[in-house]
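I opened a new page for this structure. These are my notes on what I looked up, in the order I went through it.

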Amino acid sequence: CVEATSALIASLSITDTLQIRSNCAHFLEHDVPAKLCSLVSNPCVSEIDGKAVAAKWPDLVLLGALDALGTLIGEGGEMLAEASCEKGCVGRVGEVIMEHSHASKKGVEASDKIVDSACRLLANLCRSEAGCGAVLDKEGLVEKLIMEFVSPAPDCWDKFQHVATILMNVTQVERGRKVLLQISKGFLDMVTPHITAPNSVRRKGVAGAVRNVCFEKDSSWWLVFEKKIVDVICYPLCGPEGFDMDDKVGMTPKMWMEGPDKKREPDADTRKLLVEALLLLCATGRKTREKLRELKVYPIIKTLDLSEESEEVSNKIDECVQFLMRDEEGCERIEGEITTTSVDVTE
């Protein structure tokens, strides 16, 4: 049974994006997501002395099912994600993460890989609104994942890296943003330091989550004036170029104190998310824009633009500049539209 199941999973471990997307209807017709969900969710049933006995699937089979399902959903889009959510996959994946996170703390390498694959799968499942709802409906799941995410990670395997992408995806919806913004829990303070983590998956996911919470206009004053979110956003955008003395007046010192040793965020997608977060804050009202000017956001993003190679990032910078430099009279709304961001995990 195990050998046959492993062979089935191997045949489904497709990595070609076009092949997966062109065969979505075929996968759904043959109920492939449901079968993989069944492997993740249900015990392995064997017959011993004429009796059916339930047992856990071997780690190799479980890992293969998680990888195959994660790849299908990551490359296949929302149809496959929603089909998997309908089969109750989210709850079981959350349980798998918690079960194997304890085993991995005892040095079990297979459990590290299972946790990593399960978090990747969960990130892909919550790309859609339905998936976000399923993840948020699982009581305490997001909170537990945050606590694991912010715990010190071993040097060998960052198995909770994809929790950053989960946070980015669930904050597409208001319920997800409310979880991250709970004052009593302090989750935002726990998560934001990872915006400068060595791991690029962590940095991008946290940048996306920060960007998404900036949609909460009712929380904008708290974010800007209490939580100093502008410093969190701007620090990765600063590089080694330095600033004039006039520009440093009012600017938070850590933006320039490292001098030529300061490293700017290397990933263009992450930089774009950060600039969009500033743009969203610009849209929240005059008081916020005045604070951004006071913190010298303008020279920070103008300096960024001088070395920016991505046209998309430059365009967003230009939109921010228009807000920060324009006459305030009669300017209380943003031009154009930005939507919350989610991302799939395919690597």
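**Charges over rings.** I began with lysines and aromatic rings in this predicted model. Lys 254 lies over the face of Tyr 235. I noted 5.0 Å from Lys 254 to the ring centre. Next I looked up Lys 248. Its charged end sits over the ring of Trp 256. The distance to the centre of that ring is 4.4 Å.

**Aromatic pairs.** How many aromatic pairs does a search of the whole structure find? I got one. The partners are Trp 221 and Phe 225. Their rings are stacked, with 5.0 Å from centre to centre and 20° between the planes. I count this as stacked because the planes are under 30 degrees apart. Both residues belong to helix α15, which covers residues 220-226. Trp 221 and Phe 225 are four residues apart there, so about one helical turn separates them.

**Positive phi.** I then turned to backbone angles. Lys 228 is not a glycine, yet its phi is positive, about 55°. I found Lys 228 in the loop between α15 and α16 (229-234). Its relative accessible area is 45%, so I list Lys 228 as partly exposed. Lys 296 also went on the page, with a positive phi near 65° in a residue other than glycine. Where is Lys 296? Its place is the loop between α19 (286-294) and α20. Lys 296 has 18% relative accessibility and therefore counts as buried. The cut-off I used for buried is under 20%.

**Helices α20 and α21.** Two packed helices are described by the angle between their axes and the distance between the axes. I looked up both for this pair. Helix α20 spans residues 297-307, and helix α21 spans residues 311-325. Their axes come within 10 Å and cross at roughly 155°. α20 and α21 are therefore roughly antiparallel to each other. The cut-off for that label is over 145 degrees. α20 passes α21 in a left-handed crossing. Which residues make the contact? From α20 I wrote down Val 297, Tyr 298, Ile 301, Lys 302, Leu 304 and Asp 305. From α21 I wrote down Ser 314, Ile 317, Cys 320, Val 321, Leu 324 and Met 325.

**Helices α8 and α11.** I did the exercise again for another pair. Helix α8 (residues 109-125) packs with helix α11 (residues 163-170) at an angle of about 15°. Their axes are 8 Å apart. That angle makes α8 roughly parallel to α11. The crossing of α8 and α11 is left-handed. On the α8 side, I listed Cys 119, Leu 122 and Ala 123. They meet Val 163, Thr 165, Ile 166 and Asn 169 in α11.

**Gly 239.** My last entry is a glycine. Gly 239 lies in the loop between α16 and α17 (245-248). Is Gly 239 buried or exposed? With a relative accessible area of 6%, Gly 239 is buried. What does Gly 239 touch, not counting residues up to four places away in sequence? I found Gly 259, Lys 262 and Arg 264. I also checked Gly 239 against Glu 258, 19 residues apart along the chain. Their C-alpha atoms are separated by 9.1 Å.

Conventions
Residues are numbered from 1 along each chain as its sequence is written. This is a predicted model: local features need pLDDT of at least 70, side-chain atom pairs count only at pLDDT 80 or more; totals for chains, interfaces and linings use all residues. Side-chain values use heavy atoms; hydrogens and water are left out. Rings of Phe, Tyr and Trp (its six-membered ring) pair if their centres lie within 6.5 Å; planes under 30 degrees apart count as stacked, over 60 as edge-to-face and the rest as tilted. Helices (H or I, at least four residues) and strands (E, at least two) are DSSP runs, numbered from the N terminus. A charge sits over a ring if NZ of Lys or CZ of Arg is within 6 Å of the ring centre and within 35 degrees of the ring normal. Axes are lines fitted to C-alpha atoms, for helices over the stretch in contact, and angles run from 0 to 180 degrees between N-to-C directions. Angles under 35 degrees count as roughly parallel, over 145 as roughly antiparallel, 65 to 115 as roughly perpendicular and the rest as oblique. A crossing is left-handed if the near helix is turned anticlockwise from the far one by less than a right angle, and right-handed if clockwise. Contact means heavy atoms within 4.5 Å. Buried means under 20% relative accessible area, exposed over 50%, partly exposed in between (1.4 Å probe, protein chains only).
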